[in-house]
Amino acid sequence: MKQYTNVIDRPLSKGKQEVSLSGFAFLFSELVQYNQTQVDNITQLETRLEDAGYAVGARILELLCHREKGNRRETRLLGILSFVHSTVWKVLFGKVADSLEKGTEHEDEYMISEKELLVNRFISIPKDMGAFNCGAFVAGIVRGVLENAGFQAVVTAHFVPVEGQQRPRTTILIKFAEEVLRREARLG
Amino acid sequence: MASTACFMIVSRNDIPIYEAEVGTAPKKEDAAHQHQFILHAALDIVQDLAWTTSAMFLKSIDRFNDLVVSVYVTAGHTRLMLLHDSRNDDGIKSFFQEVHELYIKILLNPLYLPGSRITSSHFDTKVRALARKYL
(Lines give C-alpha, C1' and ligand atoms only; values in the text may rest on other atoms or scores of the structure.)
Protein backbone atom coordinates (compact mmCIF):
# COMPACT_ATOMS: atom_id res chain seq x y z
CA MET A 1 0.00 0.00 0.00
CA LYS A 2 1.28 3.44 -0.91
CA GLN A 3 2.34 5.58 2.03
CA TYR A 4 1.37 9.23 2.17
CA THR A 5 3.15 11.80 4.28
CA ASN A 6 -0.07 13.72 4.98
CA VAL A 7 -3.78 12.85 4.94
CA ILE A 8 -4.37 15.74 2.56
CA ASP A 9 -2.37 13.97 -0.15
CA ARG A 10 -4.32 10.75 0.20
CA PRO A 11 -7.29 10.40 -2.19
CA LEU A 12 -10.73 10.28 -0.53
CA SER A 13 -12.00 6.77 0.13
CA LYS A 14 -14.44 5.34 -2.43
CA GLY A 15 -16.40 3.74 0.39
CA LYS A 16 -16.16 0.16 -0.88
CA GLN A 17 -14.52 -1.33 2.19
CA GLU A 18 -16.53 -2.99 4.94
CA VAL A 19 -15.57 -3.55 8.54
CA SER A 20 -16.18 -6.74 10.48
CA LEU A 21 -19.47 -6.74 12.38
CA SER A 22 -17.96 -8.36 15.46
CA GLY A 23 -15.13 -5.81 15.45
CA PHE A 24 -17.65 -3.00 15.31
CA ALA A 25 -19.83 -4.59 18.01
CA PHE A 26 -16.85 -4.85 20.36
CA LEU A 27 -15.84 -1.24 19.77
CA PHE A 28 -19.40 0.00 20.22
CA SER A 29 -19.84 -1.99 23.44
CA GLU A 30 -16.66 -0.36 24.77
CA LEU A 31 -18.04 3.06 23.83
CA VAL A 32 -21.22 2.37 25.77
CA GLN A 33 -19.41 0.86 28.75
CA TYR A 34 -16.92 3.71 28.97
CA ASN A 35 -19.66 6.33 28.84
CA GLN A 36 -21.60 4.41 31.48
CA THR A 37 -18.76 5.01 33.94
CA GLN A 38 -18.92 8.77 33.27
CA VAL A 39 -22.59 9.43 34.01
CA ASP A 40 -25.08 9.42 36.89
CA ASN A 41 -28.27 8.62 35.02
CA ILE A 42 -29.73 7.25 31.80
CA THR A 43 -30.49 10.65 30.27
CA GLN A 44 -26.85 11.70 30.53
CA LEU A 45 -25.75 8.41 28.99
CA GLU A 46 -28.08 8.92 26.05
CA THR A 47 -26.83 12.49 25.61
CA ARG A 48 -23.23 11.33 25.51
CA LEU A 49 -23.97 8.62 22.94
CA GLU A 50 -25.91 11.15 20.90
CA ASP A 51 -22.99 13.59 20.94
CA ALA A 52 -20.67 10.84 19.75
CA GLY A 53 -23.07 10.15 16.87
CA TYR A 54 -23.46 13.84 16.07
CA ALA A 55 -19.77 14.11 15.18
CA VAL A 56 -20.17 11.18 12.78
CA GLY A 57 -23.27 12.72 11.18
CA ALA A 58 -21.63 16.09 10.59
CA ARG A 59 -18.79 14.44 8.69
CA ILE A 60 -20.80 11.87 6.80
CA LEU A 61 -23.08 14.58 5.37
CA GLU A 62 -20.20 16.49 3.86
CA LEU A 63 -18.49 13.37 2.56
CA LEU A 64 -21.57 11.74 1.01
CA CYS A 65 -22.88 14.88 -0.68
CA HIS A 66 -19.49 15.08 -2.36
CA ARG A 67 -19.09 11.39 -3.17
CA GLU A 68 -22.57 10.07 -3.82
CA LYS A 69 -24.48 13.14 -4.92
CA GLY A 70 -21.95 14.86 -7.14
CA ASN A 71 -21.75 18.06 -5.09
CA ARG A 72 -25.47 18.79 -4.81
CA ARG A 73 -26.80 20.11 -1.54
CA GLU A 74 -30.18 19.18 -0.10
CA THR A 75 -32.40 22.21 0.45
CA ARG A 76 -35.78 20.50 0.87
CA LEU A 77 -37.15 18.61 3.85
CA LEU A 78 -38.18 15.46 1.99
CA GLY A 79 -34.93 15.49 0.05
CA ILE A 80 -32.78 15.44 3.16
CA LEU A 81 -34.99 12.80 4.81
CA SER A 82 -34.70 10.42 1.89
CA PHE A 83 -30.97 11.18 1.80
CA VAL A 84 -30.75 9.97 5.41
CA HIS A 85 -33.07 7.02 4.82
CA SER A 86 -31.30 5.70 1.75
CA THR A 87 -27.84 7.16 1.08
CA VAL A 88 -26.62 7.52 4.67
CA TRP A 89 -28.15 4.22 5.84
CA LYS A 90 -26.69 2.32 2.91
CA VAL A 91 -23.17 3.58 3.55
CA LEU A 92 -23.30 3.05 7.32
CA PHE A 93 -25.36 -0.13 7.61
CA GLY A 94 -25.19 -1.70 4.14
CA LYS A 95 -28.93 -1.39 3.43
CA VAL A 96 -31.62 1.26 3.23
CA ALA A 97 -33.71 1.78 6.37
CA ASP A 98 -36.83 -0.38 6.68
CA SER A 99 -39.26 2.51 6.57
CA LEU A 100 -39.61 6.26 6.60
CA GLU A 101 -42.97 7.59 7.73
CA LYS A 102 -44.60 10.85 8.58
CA GLY A 103 -46.01 11.14 12.10
CA THR A 104 -49.80 10.85 12.17
CA GLU A 105 -50.43 13.17 15.11
CA HIS A 106 -47.98 15.97 14.44
CA GLU A 107 -47.05 17.65 11.16
CA ASP A 108 -43.43 18.16 12.20
CA GLU A 109 -42.62 14.56 13.11
CA TYR A 110 -41.05 11.88 10.96
CA MET A 111 -40.01 8.36 11.86
CA ILE A 112 -37.35 6.05 10.54
CA SER A 113 -38.00 2.48 11.67
CA GLU A 114 -35.62 -0.42 11.65
CA LYS A 115 -36.51 -4.00 12.60
CA GLU A 116 -33.02 -4.77 13.86
CA LEU A 117 -30.83 -1.70 14.15
CA LEU A 118 -27.18 -2.64 13.62
CA VAL A 119 -25.98 -1.09 16.89
CA ASN A 120 -28.70 -2.91 18.86
CA ARG A 121 -28.12 -6.34 17.35
CA PHE A 122 -26.06 -7.72 20.25
CA ILE A 123 -27.49 -5.52 22.95
CA SER A 124 -30.14 -6.33 25.50
CA ILE A 125 -31.09 -3.68 28.01
CA PRO A 126 -31.14 -4.63 31.72
CA LYS A 127 -34.55 -4.22 33.35
CA ASP A 128 -33.35 -1.50 35.73
CA MET A 129 -32.30 0.77 32.87
CA GLY A 130 -35.86 1.40 31.78
CA ALA A 131 -36.35 2.99 28.38
CA PHE A 132 -32.65 3.36 27.57
CA ASN A 133 -31.85 2.67 23.91
CA CYS A 134 -28.37 2.46 22.41
CA GLY A 135 -29.97 3.69 19.20
CA ALA A 136 -29.29 7.12 20.76
CA PHE A 137 -25.98 6.88 18.89
CA VAL A 138 -27.80 6.52 15.57
CA ALA A 139 -30.23 9.27 16.56
CA GLY A 140 -27.16 11.45 17.07
CA ILE A 141 -25.90 10.61 13.59
CA VAL A 142 -29.27 11.57 12.10
CA ARG A 143 -29.30 14.82 14.06
CA GLY A 144 -25.74 15.57 12.93
CA VAL A 145 -26.70 15.17 9.29
CA LEU A 146 -29.92 17.19 9.60
CA GLU A 147 -28.58 20.08 11.65
CA ASN A 148 -25.48 20.56 9.54
CA ALA A 149 -27.61 20.62 6.42
CA GLY A 150 -29.64 23.40 8.08
CA PHE A 151 -32.62 21.39 9.35
CA GLN A 152 -32.69 21.84 13.12
CA ALA A 153 -34.40 18.91 14.79
CA VAL A 154 -34.71 16.91 17.97
CA VAL A 155 -34.00 13.25 17.28
CA THR A 156 -34.65 10.40 19.72
CA ALA A 157 -34.53 6.61 19.57
CA HIS A 158 -37.31 4.42 20.97
CA PHE A 159 -38.11 0.74 21.24
CA VAL A 160 -41.48 -0.21 19.79
CA PRO A 161 -42.76 -3.72 20.58
CA VAL A 162 -43.90 -5.75 17.58
CA GLU A 163 -46.66 -8.32 17.95
CA GLY A 164 -45.47 -11.90 17.64
CA GLN A 165 -41.81 -10.88 17.78
CA GLN A 166 -39.52 -11.25 20.75
CA ARG A 167 -37.32 -8.28 19.85
CA PRO A 168 -38.83 -4.81 19.62
CA ARG A 169 -38.03 -2.68 16.62
CA THR A 170 -36.24 0.65 16.94
CA THR A 171 -37.84 3.86 15.78
CA ILE A 172 -35.83 7.01 15.26
CA LEU A 173 -38.20 9.90 15.90
CA ILE A 174 -37.37 13.20 14.21
CA LYS A 175 -39.10 16.37 15.35
CA PHE A 176 -38.21 19.39 13.23
CA ALA A 177 -37.91 22.89 14.63
CA GLU A 178 -40.56 25.45 13.76
CA GLU A 179 -38.23 27.60 11.67
CA VAL A 180 -37.46 24.64 9.39
CA LEU A 181 -41.15 24.11 8.62
CA ARG A 182 -41.65 27.84 8.05
CA ARG A 183 -38.80 27.92 5.56
CA GLU A 184 -40.15 24.79 3.87
CA ALA A 185 -43.55 26.47 3.47
CA ARG A 186 -41.90 29.57 2.04
CA LEU A 187 -39.96 27.56 -0.53
CA GLY A 188 -43.29 26.15 -1.63
CA MET B 1 -3.13 34.81 -12.00
CA ALA B 2 -5.35 37.51 -10.54
CA SER B 3 -3.64 40.55 -9.08
CA THR B 4 -6.02 40.77 -6.14
CA ALA B 5 -7.59 37.74 -4.54
CA CYS B 6 -8.60 37.03 -0.99
CA PHE B 7 -9.81 33.58 -0.03
CA MET B 8 -11.69 32.76 3.14
CA ILE B 9 -13.49 29.77 4.62
CA VAL B 10 -16.37 30.64 6.94
CA SER B 11 -17.83 27.97 9.22
CA ARG B 12 -21.58 27.35 9.54
CA ASN B 13 -21.50 29.47 12.71
CA ASP B 14 -20.20 32.47 10.71
CA ILE B 15 -16.67 32.23 12.10
CA PRO B 16 -13.75 32.48 9.66
CA ILE B 17 -11.70 29.29 9.96
CA TYR B 18 -9.14 29.92 7.23
CA GLU B 19 -7.92 33.07 5.48
CA ALA B 20 -5.36 33.66 2.75
CA GLU B 21 -4.36 36.55 0.51
CA VAL B 22 -3.58 34.75 -2.71
CA GLY B 23 -3.15 37.62 -5.19
CA THR B 24 0.07 38.77 -6.82
CA ALA B 25 -0.38 42.42 -5.82
CA PRO B 26 1.96 43.65 -3.07
CA LYS B 27 0.32 43.22 0.32
CA LYS B 28 -1.14 46.24 2.05
CA GLU B 29 -2.30 46.09 5.62
CA ASP B 30 -5.48 48.17 5.19
CA ALA B 31 -6.45 46.34 1.98
CA ALA B 32 -6.52 43.03 3.85
CA HIS B 33 -8.93 44.49 6.40
CA GLN B 34 -11.09 45.91 3.64
CA HIS B 35 -11.22 42.51 1.90
CA GLN B 36 -12.33 40.89 5.12
CA PHE B 37 -15.02 43.51 5.53
CA ILE B 38 -16.40 43.04 2.01
CA LEU B 39 -16.50 39.26 2.39
CA HIS B 40 -18.32 39.48 5.70
CA ALA B 41 -20.82 41.89 4.25
CA ALA B 42 -21.64 39.33 1.55
CA LEU B 43 -22.62 36.65 4.08
CA ASP B 44 -26.22 37.86 4.32
CA ILE B 45 -26.72 37.49 0.58
CA VAL B 46 -25.24 34.00 0.73
CA GLN B 47 -27.66 32.98 3.47
CA ASP B 48 -30.65 33.86 1.30
CA LEU B 49 -29.27 32.50 -1.95
CA ALA B 50 -28.13 29.19 -0.49
CA TRP B 51 -31.75 28.00 -0.10
CA THR B 52 -32.83 28.85 -3.65
CA THR B 53 -30.58 26.35 -5.38
CA SER B 54 -29.08 22.94 -4.69
CA ALA B 55 -25.87 23.76 -6.54
CA MET B 56 -22.86 24.38 -4.33
CA PHE B 57 -21.18 26.96 -6.55
CA LEU B 58 -23.22 30.18 -6.37
CA LYS B 59 -21.04 32.10 -8.87
CA SER B 60 -20.47 35.79 -8.24
CA ILE B 61 -23.01 37.15 -5.79
CA ASP B 62 -21.74 40.59 -4.84
CA ARG B 63 -19.37 43.29 -6.04
CA PHE B 64 -17.40 46.19 -4.60
CA ASN B 65 -15.95 48.63 -7.16
CA ASP B 66 -13.97 46.33 -9.45
CA LEU B 67 -13.83 43.47 -6.94
CA VAL B 68 -16.22 40.52 -7.20
CA VAL B 69 -17.28 38.04 -4.51
CA SER B 70 -17.72 34.41 -5.57
CA VAL B 71 -19.08 31.86 -3.13
CA TYR B 72 -19.27 28.09 -2.81
CA VAL B 73 -21.54 26.59 -0.14
CA THR B 74 -20.83 23.02 0.98
CA ALA B 75 -23.42 20.49 2.15
CA GLY B 76 -22.69 21.38 5.79
CA HIS B 77 -23.12 25.10 5.06
CA THR B 78 -19.45 25.90 5.31
CA ARG B 79 -18.82 28.75 2.92
CA LEU B 80 -15.77 29.10 0.71
CA MET B 81 -15.56 32.76 -0.32
CA LEU B 82 -13.27 34.36 -2.84
CA LEU B 83 -12.82 38.06 -3.51
CA HIS B 84 -11.21 38.58 -6.90
CA ASP B 85 -10.79 41.03 -9.76
CA SER B 86 -10.51 38.54 -12.62
CA ARG B 87 -13.31 37.13 -14.78
CA ASN B 88 -12.65 33.45 -14.88
CA ASP B 89 -15.70 31.49 -13.73
CA ASP B 90 -14.41 28.08 -14.83
CA GLY B 91 -11.09 28.52 -13.05
CA ILE B 92 -12.81 29.68 -9.89
CA LYS B 93 -15.20 26.74 -9.99
CA SER B 94 -12.32 24.25 -10.30
CA PHE B 95 -10.46 26.06 -7.52
CA PHE B 96 -13.48 25.80 -5.20
CA GLN B 97 -14.09 22.14 -6.01
CA GLU B 98 -10.51 21.17 -5.25
CA VAL B 99 -10.39 23.19 -2.04
CA HIS B 100 -13.71 21.60 -1.05
CA GLU B 101 -12.12 18.18 -1.38
CA LEU B 102 -9.17 19.31 0.75
CA TYR B 103 -11.63 20.65 3.33
CA ILE B 104 -13.45 17.29 3.48
CA LYS B 105 -10.14 15.55 4.15
CA ILE B 106 -9.46 17.98 7.02
CA LEU B 107 -13.01 17.50 8.35
CA LEU B 108 -12.80 13.70 8.28
CA ASN B 109 -9.90 13.84 10.72
CA PRO B 110 -11.51 12.73 14.01
CA LEU B 111 -9.20 15.06 15.93
CA TYR B 112 -10.39 18.11 14.01
CA LEU B 113 -13.30 19.82 15.74
CA PRO B 114 -15.84 20.92 13.07
CA GLY B 115 -15.99 24.72 12.95
CA SER B 116 -12.55 25.30 14.47
CA ARG B 117 -9.64 27.04 12.79
CA ILE B 118 -7.74 25.10 10.11
CA THR B 119 -4.11 25.33 11.19
CA SER B 120 -2.57 22.66 8.94
CA SER B 121 0.39 24.19 7.06
CA HIS B 122 0.02 21.43 4.49
CA PHE B 123 -3.51 22.63 3.75
CA ASP B 124 -2.25 26.20 3.41
CA THR B 125 0.48 25.19 0.96
CA LYS B 126 -2.01 23.21 -1.12
CA VAL B 127 -4.56 26.02 -1.26
CA ARG B 128 -1.91 28.51 -2.41
CA ALA B 129 -0.71 26.10 -5.08
CA LEU B 130 -4.31 25.69 -6.32
CA ALA B 131 -4.73 29.47 -6.39
CA ARG B 132 -1.63 29.79 -8.57
CA LYS B 133 -2.92 27.08 -10.88
CA TYR B 134 -6.53 28.25 -11.38
CA LEU B 135 -6.85 31.95 -10.57
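Me: In this predicted model, two residues are in contact if their C-beta atoms, placed from the backbone, lie within 7 Å. How many residues does the contact take from chain A and from chain B?
Reply: The criterion is a C-beta separation within 7 Å. Under it, the contact takes 21 residues from chain A and 22 residues from chain B.

Me: Which helix gives the most to the side of chain A that touches chain B?
Reply: Both α2 (42-67) and α5 (178-187) of chain A supply at least two residues each to the side that touches chain B. By class, this side of chain A has six charged, six polar and nine nonpolar residues. With seven residues, the element that gives the most is α2(A).

Me: Which strands stand at the edges of the open sheet in chain A?
Reply: The four strands of this sheet follow the order β1-β2-β4-β3 (chain A), and their pairing is antiparallel. An edge strand has a single partner, so one side of it is left without a neighbour in the sheet. The strands in that position are β1 (99-102) and β3 (153-160) of chain A.

Me: What is the bridge partner of M111(A)?
Reply: Strand β2 of chain A spans residues 109-114 and pairs with β4 (residues 169-176) of chain A in the antiparallel sense, over six bridges. The partner of M111(A) lies in β4(A) and is L173(A).

Me: What angle does the direction of helix α4 of chain A make with that of β3(A)?
Reply: Within the sheet, neighbouring strands are turned by 20 degrees against each other on average, direction ignored. Helix α4 (residues 136-148) of chain A packs on this sheet and touches β3 and β4 of chain A. Its direction and that of β3(A) make an angle of about 155 degrees.

Terms used. Residues numbered from 1 in each chain as written. Chains lettered and ligands numbered in written order. Predicted model: local features only at pLDDT ≥ 70, side-chain atom pairs only at ≥ 80, totals over all residues. Nonpolar A, V, L, I, M, F, W, Y, C, P; charged D, E, K, R; others polar. Pairing = 2+ DSSP bridges. Axes fitted to C-alpha atoms, helices over the stretch in contact; angles between N-to-C directions.
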